[in-house]
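Dear colleague,

Please find below the structure that I am handing over to you.

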Amino acid sequence: MVHPETDGSHAYHLDTAILNSLASATYAADAIRRHGAIPSLELSHSGMYAGTCMTDKNRQHGMNQWGPSDTIRPDGVEVKALTEERIQDIVAAYGNAAGVAKRAGCECAIHLGMEGKTVHLVEMRDALAPDANVRHRPLLLKEIEKYVTVHTNYRGLEVTAEGVWCPDEFGNRQFVPGTSVICALGQRSRTDAVEDLRDAAPYVAVIGDASRVSTITNAVYWGYHAALDI
């Protein structure tokens with residue numbers, strides 16, 4: 001469920017503001033991998049059936065059902081038209097939820113390939129997932145080989161309506177076709193913010209992406225040892 005303001009039909013909402021939401025999804029995804037499968041999430045909004053299956057019946061009856069236009073459901077429930085602003089808000093919520101899901105380790109490219117879509121994966125490095133779990137990586141690459149066309153040493157520079165322009169390892173511009181582009185972008189550590197906060201407390205430990213952009217596994221590991229040092 002990507003947009004709880006207009007949809008309450010499912011119990012699970014992946015959101016970093018919810019305590020342990022990302023951590024539990026990451027734990028589940030890792031367990032699925034360790035058993036030789038590929039974890040994936042379905043992002044959803046139930047539209048005119050938003051709230052139908054809610055356990056909180058008080059909120060269920062107070063929640064609007066949403067659709068592209070005003071109408072009446074077959075069971076007699078009124079459906080209200082979504083405004084353009086609300087639609088844009090829901091679309092943005094899908095993007096935010098997909099970004100959080102990727103942090104939990106869900107392989108979007110494989111999932112889309114399994115759905116029958118033609119998928120191209122653009123990777124800046126010369127190999128895919130070199131820092132992945134050593135048990136999981138061979139399985140991951142095997143699935144990618146079946147469903148995805150991979151372009152390593154490519155760096156996305158320009159997105160057009162027809163696809164993405166990328167320079168290859170020799171600097172030549174290459175075009176990767178596509179009607180939709182999903183960005184899974186890296187980050188840079190905010191070292192300036194770290195230095196501003198370094199004297200904010202008697203003991204300050206710099207961990208996670210504030211120290212070095214890495215994985216959630218490393219961030220949890222560093223946080224554990226920082227807590228031991230207090």
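This is a predicted model: local features need pLDDT of at least 70, side-chain atom pairs count only at pLDDT 80 or more; totals for chains, interfaces and linings use all residues.

Residues are numbered from 1 along each chain as its sequence is written, and side-chain values use heavy atoms, with hydrogens and water left out.

Helix H5 covers residues 136–147; helices (H or I, at least four residues) and strands (E, at least two) are DSSP runs numbered from the N terminus. The 12 residues of H5 should span 16 Å at 1.5 Å a residue, and its end C-alpha atoms lie 17 Å apart, which agrees. The expected span is 1.5 Å times one less than the number of residues. His136, Leu140, Glu143 and Ile144 of H5 are buried (under 20% relative accessible area; exposed is over 50% and partly exposed in between, with a 1.4 Å probe and protein chains only). These four cover an arc of only 100 degrees around the axis, which puts them on the same side of H5; the arc is taken from the directions from the helix axis to the C-beta atoms. Pro138, Lys142, Glu145 and Lys146 are exposed on the face turned away from that buried side.

Leaving aside neighbours within four places in sequence, valine 119 is in contact (heavy atoms within 4.5 Å) with Ala109, Leu112, Gly113, Tyr147, Val148 and Thr149.

Strand S7 (residues 163–167) has four of its five residues buried. S7 is antiparallel to S6 (residues 158–159), to which two bridges join it; strands pair if DSSP finds at least two bridges between them. Valine 159 stands opposite valine 164, and a hairpin of three residues links S6 to S7. S7 also pairs in the antiparallel sense with S8 (residues 173–177), over five bridges. Five residues separate S7 and S8 in their hairpin, where glycine 171 in the turn has a positive phi of about 85 degrees.

Cysteine 166 is buried at a relative accessible area of 0%, whereas cysteine 183 is exposed at 56%. The structure holds zero disulfides (pairs of cysteine sulfur atoms within 2.5 Å).

With kind regards
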